[in-house]
Amino acid sequence: MIKKEIYGEIKQRLNSVKLFDTLEINIKIKPKFSEDDASHVNGYEIEAVMCNSLPANAADWMKQIQRQIQRINKRVNNNWKIFYVYKEIFQIITENVTNRFNYFRGQNKDWDLLPGIYRGDLDDAFISNYDQIYEDIAKEYPENLKYIPFDDNLEQIEKRANQLAYLQHYGYRTSLLDITKNPFIALQFMLKGCTLDEWYPNTFYAFAIDPRKHERNNIFMSTMKGKNNNRIKAQFGAFLNFDRLYKIVESGIQKIPTLKIIISKDVSDVIKDIDAGIESAKELQSTNKEVGQQMEAAYKQLKKSVPENVNKELYYFVFSEMVSKMREYYYLEENLFPDFADYVMFTKDKYLDSNEPMRLNNQLENIARYGKKYEP
């Protein structure tokens, strides 16, 4: 059986081959503060929902979405919640535009659209010897996995991808990037794995995929539903298969219309108030130097600590609310993992000691069950 190591050459093509036409939507939020404690966040408000600037030759679908987002932005008020902004956007992009968006991906970090093998934290030797390692695993566990060498035949690519999907199912890095037909499942993955330690630049992608066109002239691949991929069934999954980049003809690529939705925070008002306090402290020094200097030092210390605390509290309000709404609509994280081993692992994670880092989803569930509160 001929083995060909393809991933080094694919890596070289990643920056030059353009697979997506992308429009970015930004949901901009800012914290609301308690009347009793101006340094303590007690909620958030949506400041704006907007698209980035369109290129001069923007496609019609981009212009249509920009107009629809402008309408949403005019209706946004202090009572709006982020979950419902996503719902409004989902309705627009799946029903009210010419290019209907039909596949989705949620990420709890702002990674580029790259599969696990190219996330930048792997030894180059893994990429250089990928097929040898894959074949060695298949030899070790022949009842579970079959080695399929790379071949630029669509049927062979599909067979190989289904074996790689099985590896990915167990956490192995592959050239496959998961996508789903259900936007709310993608939203679950955007929330999945989050902790409350820092602000995460969560990212949601939507794709307008023509299966026939983009399977032949891009890297989209629908998935066979075999006995070893129950998780894919549960997640309504398909893949972007980067194996295709090895031989794809650049001039023949049909780009996939893509939306990138991000949540950004605006804590400028917090900084502005602290800077005003620093200036007041400096003015006070002309009449009471010691007190003025103490105040200035206190405000400067506050300037170092408050933004981080505000970020953490703001993140908690935004994403705890989103997780709660998802559960309200019966989008439960445990439903994404139908296999026995996955379900056992998920159940174990719910009951980690409070000193261990827990996923935001599980923290909220523990609050609901046991009254265990998070204190920012």
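Reader: Where does Glu45 lie?

Author: Glu45 lies in strand S2, which covers residues 41-51. Helices (H or I, at least four residues) and strands (E, at least two) are DSSP runs, numbered from the N terminus. The model is predicted: local features need pLDDT of at least 70, side-chain atom pairs count only at pLDDT 80 or more, and totals for chains, interfaces and linings use all residues. Residues are numbered from 1 along each chain as its sequence is written, and side-chain values use heavy atoms, with hydrogens and water left out.

Reader: Is Glu45 buried or exposed?

Author: Buried means under 20% relative accessible area, exposed over 50%, and partly exposed in between (1.4 Å probe, protein chains only). Glu45 has a relative accessibility of 16%, so this residue counts as buried.

Reader: Which residues is Glu45 in contact with, leaving aside its neighbours within four places in sequence?

Author: Contact means heavy atoms within 4.5 Å. With the neighbours within four places in sequence left aside, the partners of Glu45 are Lys28, Ile29, Lys30, Lys32 and Asn78.

Reader: How many helices and strands does the protein chain have, and what are its totals for burial and contacts?

Author: The protein chain has 13 helices and eight strands. Of its 376 residues, 48% are buried. Take the contacts between residues at least 6 apart in sequence: 74% of them join residues at least 24 apart.

Reader: Take helix H3. What span does H3 reach, and which of its residues are buried?

Author: The expected span of a helix is 1.5 Å times one less than its number of residues. H3 has 14 residues and reaches 20 Å from its first C-alpha to its last, close to the expected 20 Å. Its buried residues are Ile82, Phe83, Val85, Tyr86, Ile89, Phe90, Ile92 and Ile93.

Reader: How do H2 and H3 cross?

Author: Axes are lines fitted to C-alpha atoms, for helices over the stretch in contact, and angles run from 0 to 180 degrees between N-to-C directions. The axes of H2 (residues 60-75) and H3 (residues 82-95) come within 11 Å and cross at roughly 155 degrees. Angles under 35 degrees count as roughly parallel, over 145 as roughly antiparallel, 65 to 115 as roughly perpendicular and the rest as oblique. H2 and H3 are therefore roughly antiparallel to each other. Their crossing is right-handed (the near helix is turned clockwise from the far one by less than a right angle; anticlockwise is left-handed).

Reader: Which residues make the contact of H2 with H3?

Author: H2 contributes Ile65, Gln68, Ile69, Ile72 and Arg75, and H3 contributes Glu88, Ile89, Ile92 and Ile93. By class, six residues are nonpolar, one is polar and two are charged. Ala, Val, Leu, Ile, Met, Phe, Trp, Tyr, Cys and Pro count as nonpolar, Asp, Glu, Lys and Arg as charged, and the others, Gly among them, as polar.

Reader: How do H3 and H7 cross, and which residues meet there?

Author: The axes of H3 and H7 (residues 183-191) come within 11 Å and cross at roughly 145 degrees, and this crossing is right-handed. Phe83, Tyr86, Lys87 and Phe90 in H3 meet Pro183, Phe184, Leu187 and Met190 in H7. This contact has seven nonpolar, no polar and one charged residues.

Reader: At what angle do H5 and H6 cross?

Author: The axes of H5 (residues 130-140) and H6 (residues 154-169) come within 12 Å and cross at roughly 75 degrees. The two helices are therefore roughly perpendicular to each other. Tyr130, Asp131, Tyr134 and Ile137 of H5 make the contact with Arg160, Gln163, Leu164 and Leu167 of H6. By class, the contact of H5 with H6 has five nonpolar, one polar and two charged residues.
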